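Here's a quick briefing to get you oriented. Have a look at the structure below, then read on.

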Amino acid sequence: DLVFANSVFTHLLEADARHYLAEIERVLSPRGHALLSIHTNVPEGRHFAGTETRIDIEPEYFVELAAAANLICQRRIGEFCGQSLFVFSPRAS
């Protein structure tokens, strides 16, 4: 029913982030929620930047990546432990 990934996507390369989002969608119950955090300090003109030490993702791009995994952004909570926190749920089938 709940996936909580604080400071996980901040260390995943883009292909890995896509894989994790797909797995989150796979394991969530239809009414479940995923609370996911990211760093958002990307260089201008980039959507995804960094190394596994620190990854930054442009917030709208993160929502697009999640949507590609059939996750819908229900809410952007804002700052949580120095990161941006989002609430996602599975897209209704």
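Which residues of α2 are buried? They are P59, Y61, F62, L65 and A66, where buried means under 20% relative accessible area, exposed over 50% and partly exposed in between (1.4 Å probe, protein chains only). Keep in mind that this is a predicted model, where local features need pLDDT of at least 70, side-chain atom pairs count only at pLDDT 80 or more, and totals for chains, interfaces and linings use all residues. Residues are numbered from 1 along each chain as its sequence is written, and side-chain values use heavy atoms, with hydrogens and water left out.

- Looking down the axis of α2, the buried residues sit within an arc of 160°, so they line one face of the helix; the arc is that of the directions from the helix axis to the C-beta atoms.
- An α-helix has 3.6 residues a turn, so residues three or four places apart point the same way.
- Turned away from that buried side is the face with the exposed residues E64 and A68.
- The cover over the buried residues of α2 includes α1, β2 (33–38), β3, β4, β5 and β6.
- Helices (H or I, at least four residues) and strands (E, at least two) are DSSP runs, numbered from the N terminus.

**V63, a residue of α2**

- V63 belongs to helix α2, which covers residues 59–68, and it's partly exposed at 27% relative accessibility.
- Setting aside its neighbours within four places in sequence, V63 is in contact (heavy atoms within 4.5 Å) with C73, F86 and F88.
- V63 and C73 are 10 residues apart along the chain, and their C-alpha atoms are 6.4 Å apart.

- Strands β3 (residues 48–51) and β4 (residues 54–57) run antiparallel and are joined by four bridges; two strands pair if DSSP finds at least two bridges between them.
- G50 has I55 in β4 as its bridge partner.
- Two residues make up the hairpin link from β3 to β4.

**Spots with a positive phi**

- S7 isn't a glycine, yet it has a positive phi of about 65°. You'll find S7 in the loop between β1 (2–5) and α1 (14–27), and it's partly exposed, with a relative accessible area of 27%.
- C81 isn't a glycine either, and its phi is positive at about 55°. C81 lies in the loop between β5 (71–80) and β6 (83–90) and is exposed, at 57% relative accessibility.
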